[in-house]
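Please look over the model below.

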Amino acid sequence: MHELSIAMSIVDMAQEEAERHGGVQVQAVYLKLGRLAGVVKEALLSSYEMACEATPLEGSRLLIEEIPVEVFCPKCEAPRLMDSIQSFCCPECGTPTANILRGKELEVVALEIKE
Amino acid sequence: MSSGPRLVEVRKNVLKQNDIVARALRERFHDAGVLAVSLVSSPGSGKTAFLEKTLTLLYTRYRVAALVGDLATDNDAARLARSRALVRQIITGTVCHLEAAMVQNALEGWNLNDLDFLFIENVGNLVCPSSYDLGEDLRFVLLSVTEGEDKPLKYPTIFNSADVAMITKSDIAAAVEFDEAAARRNIQAVRPGMEVFKVSAKTGEGMAEYLEFLQTRRQHFRAAAAVPK
């Protein structure tokens with residue numbers, strides 16, 4: 001369970017950014033979370049609440065956009081969205097592929113702030 | 001000035017700090033020509049036995065070192081030290097995985113130029129270590145024959161993050177009715193093209209083949225490292 005330490009990094013990062021903008025109040029953090037990031041959304045959400053406690057971010061929301069895994073199929077020569085991370089092959093033609101285009105994101109995209 | 005909420009763009013990787021340290025480590029390993037290999041697996045899959053055997057076999061020809069991560073105790077370091085390789089324990093406390101900064105700290109005082117191979121044994125855990133780059137050149141994921149052939153399907157993220165799969169404890173495969181074909185199929189499903197070795201640290205089965213791979217890898221690594229950037 002490493003979601004708490006990740007949540008704490010998110011809170012630190014948001015706080016730093018808020019300070020850079022002149023100590024604004026953060027109302028929400030927008031996060032991109034890839035299915036291959038190795039982080040569980042539900043665990044991260046509850047950890048986030050804990051991590052915010054007694055910080056200027058207390059009461060803020062974490063809004064998670066889940067990013068599916070997209071691979072490049074060498075046979076179709078096209079990007080393809082995968083339905084399952086248990087079988088890395090093209091959903092159209094079945095060709096195995098390890099060429100991952102996205103799905104590993106763990107990125108703070110934006111903050112909703114109030115001045 | 002408006003008092004309504006507004007959006008400001010950030011676009012920063014949450015693990016940026018870890019990635020920066022990992023990148024610096026990778027560069028140091030590259031410059032020193034030391035091949036860094038990390039080991040991940042569930043607890044009890046035989047990481048330490050596998051590593052002990054590896055260190056013992058490599059010690060006669062190479063300068064080898066190992067960092068070994070555990071929540072508590074330095075039992076593993078004591079065990080690995082029997083191989084006479086340079087060994088250091090990383091005690092993570094409550095942290096369930098290694099991070100690049102822990103590796104960096106643990107290397108303090110070691111001259112990487114004096115090494116050919118560095119092994120980094122992660123904490124036994126198939127979930128958390130997958131997110132953290134340690135600057136390693138190769139990540140091994142170990143799967144023991146007692147664990148069930150479907151482990152790759154249950155933990156696709158970590159198998160996908162690894163470069164090589166090592167089926168361990170092959171000496172008892174028959175006794176536990178291990179279905180090797182199914183295991184290999186499942187490994188390929190979550191990481192197409194992955195290199196797979198089957199070894200027994202106890203009998204030595206498969207170790208020669210795997211060590212040959214490691215030495216070839218090191219030669220390529222050093223050849224690449226010799227090319228000016």
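## Terms and ground rules

A polar contact is a pair of N or O atoms within 3.5 Å; within protein, one must be able to donate a hydrogen and the other to accept it, and residues adjacent in sequence count only if both atoms are side-chain atoms. Between chain B and chain A, 13 residue pairs are in polar contact, both residues being at pLDDT 80 or more.

The model is predicted: local features need pLDDT of at least 70, side-chain atom pairs count only at pLDDT 80 or more, and totals for chains, interfaces and linings use all residues. Residues are numbered from 1 along each chain as its sequence is written, chains are lettered from A and ligands numbered from 1 in the order in which they are written, and side-chain values use heavy atoms, with hydrogens and water left out.

## Where chain B meets chain A

Chain B gives 29 residues to the contact and chain A gives 37 (contact means heavy atoms within 4.5 Å). About 2800 Å² is buried between them, and carbon and sulfur atoms give 59% of that. Buried area is the accessible area (1.4 Å probe) that two parts lose on being put together, summed over both. B:Arg6, B:Val8 and B:Val14 supply 22% of the area that chain B buries against chain A, more than any other three residues.

## Salt bridges between the chains

A salt bridge is a side-chain nitrogen of Lys or Arg within 4 Å of a carboxyl oxygen of Asp or Glu. Three of them link chain B and chain A. In one, B:Arg6 pairs with A:Glu115, with the closest N and O atoms 2.5 Å apart. B:Arg6 lies in strand β1 of chain B and A:Glu115 in the segment after β6 (106-114) of chain A, so the pair joins two chains. Strands are DSSP runs of E (at least two residues) and helices are runs of H or I (at least four), numbered from the N terminus. Another bridge joins A:Glu107 to B:Arg11, at 3.6 Å between the closest N and O atoms.

## Salt bridges within chain B

Over all chains, the structure holds 22 salt bridges. B:Asp133 forms one with B:Arg26, the closest N and O atoms being 2.7 Å apart. This pair links distant parts of the chain, 107 residues apart: B:Asp133 is in the loop between β5 (117-121) and β6 (138-144) of chain B, and B:Arg26 is in helix α1 (residues 16-32) of chain B.

B:Lys151 and B:Glu147 also meet in a salt bridge (2.9 Å, N to O). Are these two residues buried or exposed? Both B:Lys151 and B:Glu147 are buried. Buried means under 20% relative accessible area, exposed over 50%, and partly exposed in between (1.4 Å probe, protein chains only).
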